[in-house]
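Please read the report below alongside the sequence and the structure. It takes up charged pairs, a helix and its surroundings, a sheet, the domains and some backbone features in turn.

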Amino acid sequence: MSDIDGRAVAKALRAEVAEAAARLRAEGTAPLLAVVVPTDDEGTAWYVRSIKKAAEKEGIDCRVEHLKDPGKDEIVAKLQELSADPAVHGVICQTPLPQGVQLAEVGRHIDPIKDIDGANATNLGRLGAGLRTWAPATAAAVLELLKHEDLTLEGARAVVVGRSTVVGKPAALLLLNESATVTVCHSRTKDLAAICREADVLVAAVGRAGMIGADFVKPGATVIDVGTNPTEDGGLVGDVDYDAVAPIAGRLTPVPGGVGPVTTALLLRHTVQAAELSKTHR
Ligand code: NAP
């Protein structure tokens, strides 16, 4: 089994981003990513700081807008304000959201052309229609990692475990757009392990530490572990039981060091792409 090295993929992506950002700056456009943070949860704050640090390292300005105990209207107003600001190229609404507020509800107020993390249902619809768009960065990271491997997605059996709007569904659509034969599983799926065992490409996006065991994996399969589950000692583990699956899988993403760094790199790539587009869409 070989590990799929997300850090190496992210490094190469970020080098391209840095070049694109420098080119844009030389032409008079300073790429700017705005992140709306509607929670004061420490895990989220840490994640947002890491995005800001990564953005600034690659030449992208990053504006973090912390909202204190906001209601839906305040979040919507901020997303509309940022969408209307010509200096802003990419807008993210960070989750978790306050209780009772759905990402799809507020996400539709992000201008689709600045919606670099695919929160606006218009962009999810475009993905479903096979049109060019920004998929949510985590789902896009799944495909990016697969494309760096020497494997054929066309006709491959792909199984995605998880059907959330931010990860499972868009990952399934991206795989379908590559002509994989895709099955989407969720909490009501019967015989989950047997379905997973049919997969040439297995994507785990559940949020349950180690639930994908050896009996879920076909020998030689490529396994992408999206899960990030905190451990008691402050670490992070995936949805895949790494030690049990590693001897069976052909390729496997580690957690950390798999999907996470590529997700961040793609948020940056989408931002420079949006900055590029802003020159023709003003
Ligand atoms: P989510 O919204 O909670 O969705 C979880 C999905 O898993 C749901 O579709 C749920 O089914 C399904 N599920 C739950 N228990 C199951 C079971 N026993 N068997 C089969 N399916 C089950 O989570 P999410 O936002 O998609 O995130 C999934 C994981 O990815 C989490 O660990 C999250 O932290 C991680 N994540 C990582 C990144 C990254 O950059 N690495 C980014 C985002 C998320 P139902 O729909 O039937 O409830």
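## Salt bridges

In this predicted model, Glu276 is partly exposed, with a relative accessible area of 34%, and its side chain meets that of Lys279 in a salt bridge in which N and O are 3.0 Å apart. Lys279 is likewise partly exposed, at 35% relative accessibility. Elsewhere, salt bridges that share partners link Arg63, Glu65, Lys78, Glu81 and Asp85 into one network.

The count of salt bridges in the model comes to 17. One of them joins the side chains of Arg14 and Glu58, with an N to O distance of 2.8 Å. Because Arg14 belongs to helix 1 whereas Glu58 sits in the loop between helix 2 and strand 3, this pair ties together parts that are 44 residues apart in sequence. Glu58 is buried, its relative accessible area being 10%, a value that falls under the 20% limit used for that class. A further salt bridge is formed by Glu42 and Arg49, whose closest N and O atoms lie 3.2 Å from one another; Arg49 is partly exposed, with 47% relative accessible area.

## Helix 2 and its surroundings

Helix 2 covers residues 42–57, and its 16 residues reach 22 Å from the first C-alpha to the last, which is close to the 22 Å expected at 1.5 Å a residue. After the helix comes Gly59, which has a positive phi near 90 degrees.

Which residues of helix 2 are buried? They are Thr44, Ala45, Val48, Ile51, Ala54 and Ala55.

Thr263 is buried, with a relative accessible area of 5%. When residues up to four places away in sequence are left aside, Thr263 touches Tyr47, Ala137, Thr138 and Ala141.

Six strands make up an open sheet with parallel pairing, and their order is 1-11-8-7-5-6. At the edges are strand 1 (2–3) and strand 6 (181–185), each of which pairs on one side only. In general, strands of a sheet pair through backbone hydrogen bonds, in either the parallel or the antiparallel sense.

Within this sheet, strand 5 (residues 157–161) runs parallel to strand 7 (residues 201–204), and four bridges connect the two.

## Domains

How is the protein divided into domains? Domain 1 takes in residues 28–112, and domain 2 takes in residues 137–259. The centres of domain 1 and domain 2, taken over C-alpha atoms, are separated by 28 Å.

## Backbone features in the loops

Most peptide bonds are trans, and most residues other than glycine have a negative phi. Against that background, the bond that joins Thr95 and Pro96 is a cis peptide bond, with omega at about 5 degrees, and Pro96 is placed in the loop between strand 4 (90–93) and helix 4 (103–107). The peptide bond from Val255 to Pro256 is cis as well, with an omega near 0 degrees; Pro256 lies in the loop that runs between strand 11 (251–252) and helix 10.

For Asp191 the phi is about 55 degrees, and the loop in question is the one between strand 6 and helix 8 (192–196). Asp191 is exposed too, with 62% relative accessible area.

Definitions and conventions. Residues are numbered from 1 along each chain as its sequence is written. This is a predicted model: local features need pLDDT of at least 70, side-chain atom pairs count only at pLDDT 80 or more; totals for chains, interfaces and linings use all residues. Side-chain values use heavy atoms; hydrogens and water are left out. The expected span of a helix is 1.5 Å times one less than its number of residues. Buried means under 20% relative accessible area, exposed over 50%, partly exposed in between (1.4 Å probe, protein chains only). A salt bridge is a side-chain nitrogen of Lys or Arg within 4 Å of a carboxyl oxygen of Asp or Glu. Two strands pair if DSSP finds at least two bridges between them. Domain bounds come from an automatic or database domain assignment. Contact means heavy atoms within 4.5 Å.
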